[in-house]
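Visitor: I am new to this one. Please show me the structure, and then let me ask about its parts.

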Amino acid sequence: MEGLFVKGKVMDKIFEAIMADADNQKFTEEGIEPLYDAPSSAKIVIVGQAPGIIAQKTKLFWNDRSGVKLRQWLDVDSDTFYHSGKFAILPMDFYYPGKGKGGDLPPRKGFADKWHQPLLDLLPTVELIILVGQYAQAYYLGKAKKKTLTETVKAYQDYLPRFFPLVHPSPRNQLWLKKNPWFEEEVIPALQARVAKLLK
C-alpha cells in the first residue's frame, strides 16, 4: 500500500519545483510545503479548492469538518482515504490562500495550469476525477459545465465516467443541501457506488 505524500525521483523534482517557484516564495520562506498527494496507484483524484488553514497547519489535507463530510459522501473511512494509495488529492492551489470577507480566498489563478498535468501524467491508473466546487468544475469541465453549480452537479451523469462534479462539503453549504434534497438522495448513492467499484 502507498501512503501519504508518496514520492519518487520525478515526484521529488516536481515537489522541489513547486517549492522553488517564485509564485510560492512567500510560503517556502515561511517553511510551508505544498499540500497535495499523488500516489502512482491512485484510482480516484479529488480536485478541491485549496487547503484550509487547519489543513495547512496540520499538514493534512481535508482535515476539518468538510473532510469528514466528504469521506461520508464517499463512504470511506480515514484509513482508506489517507493510506490506501487509491486517492490522489490535487486541489486547485496547494497552499492556503488566506481569508477574505466571505470566507477563504479563492485559489490563485494559473496554479492548476502549471502543476496539475505534470502530476496527472504520473498517475496512470486514474479512472475518476471528483470535482469539488465551482473552481474545479470550471477548470476541468470548461464550456461543458452548466450555467450554475447546482445544474452542473444535477447533471453529473453527463460527465461520467471520467468526471464527477460535487458541491463543496463545507458546513457553509447546509442551506444548499436542505434546498436540494435530490443531492443526497440521488447523487451521493451514485457516487458511493462508483467509488466502491473502483476501490475493489
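Visitor: Is Tyr 140 buried or exposed?

Guide: This is a predicted model. Tyr 140 has a relative accessible area of 18%. The cut-off for burial is under 20%, so Tyr 140 counts as buried.

Visitor: How do the rings of Tyr 139 and Tyr 140 meet?

Guide: Tyr 139 is partly exposed, at 34% relative accessibility. Its ring centre and that of Tyr 140 are 5.0 Å apart. The planes stand at 75°. An angle over 60 degrees puts a pair in one class, so this pair is edge-to-face.

Visitor: How many aromatic pairs does the structure hold, and what sort do Phe 15 and Tyr 36 form?

Guide: The structure holds 16 aromatic pairs. In the one formed by Phe 15 and Tyr 36, the centres are 6.4 Å apart. The planes make 40°, so by the cut-offs of 30 and 60 degrees the pair is tilted.

Visitor: Which parts does the pair of Phe 15 and Tyr 36 tie together?

Guide: Phe 15 is buried at 12% relative accessibility, and Tyr 36 is buried at 7%. The two parts are 21 residues apart in sequence. Phe 15 lies in helix α1 and Tyr 36 in a loop, so the pair ties together α1 and the loop between α2 and β1.

Visitor: Which residues form one aromatic cluster with Phe 15 and Tyr 36?

Guide: Phe 27 belongs to this cluster. Lys 26 lies over the face of Phe 27, at 4.7 Å from the ring centre. Besides Phe 15 and Tyr 36, the cluster holds Phe 27, Phe 94, Tyr 95 and Phe 111.

Visitor: Which residues touch the most other members of the largest nonpolar core?

Guide: This core has 32 residues. Among the elements that give it two or more residues are α1, β1 and β5. Phe 94 touches residues including Ile 18, Tyr 36, Phe 111 and Trp 115. The residues that touch the most other core members are Val 45 and Phe 94.

Visitor: How many residues are in the second, separate core?

Guide: Its members include Ala 55, Val 76, Phe 87 and Val 153. This core is separate, and it has 31 residues.

Visitor: What is the order of the strands in the open sheet?

Guide: The sheet has four strands with parallel pairing. The twist averages 20° from one strand to the next. β2 and β6 each have a single partner strand, so they stand at the edges. The order is β2-β1-β5-β6.

Visitor: Which residue is the bridge partner of Ile 46 in β5?

Guide: β1 and β5 pair in the parallel sense over four bridges. In β5, the partner of Ile 46 is Ile 130.

Visitor: Where does Ile 129 find its bridge partner?

Guide: β5 and β6 also pair in the parallel sense, over four bridges. Leu 131 stands opposite Pro 165 in β6. The partner of Ile 129 in β6 is Phe 163.

Visitor: Which β5 residues are buried on each side?

Guide: Five of the five residues in β5 are buried. In a regular strand the side chains alternate between the two faces of the sheet. Leu 128, Ile 130 and Val 132 are on one side of β5. On the other are Ile 129 and Leu 131.

Visitor: What angle does helix α10 make with β6?

Guide: Helix α10 packs on the sheet. The strands that α10 touches are β1, β2, β5 and β6. Its direction and that of β6 make an angle of about 145°.

How values were computed:
Residues numbered from 1 in each chain as written. Predicted model: local features only at pLDDT ≥ 70, side-chain atom pairs only at ≥ 80, totals over all residues. Heavy atoms only, no water. Phe/Tyr/Trp six-rings, centres within 6.5 Å; stacked < 30°, edge-to-face > 60°. Buried < 20%, exposed > 50% of the residue type's maximum accessible area, 1.4 Å probe, protein only. Lys NZ or Arg CZ within 6 Å of the ring centre and 35° of its normal. Core = buried A, V, L, I, M, F, W, Y, C linked by side-chain atoms within 4.5 Å. Contact = heavy atoms within 4.5 Å. Pairing = 2+ DSSP bridges. Axes fitted to C-alpha atoms, helices over the stretch in contact; angles between N-to-C directions. Lists of a residue's contacts leave out its neighbours within four places in sequence.
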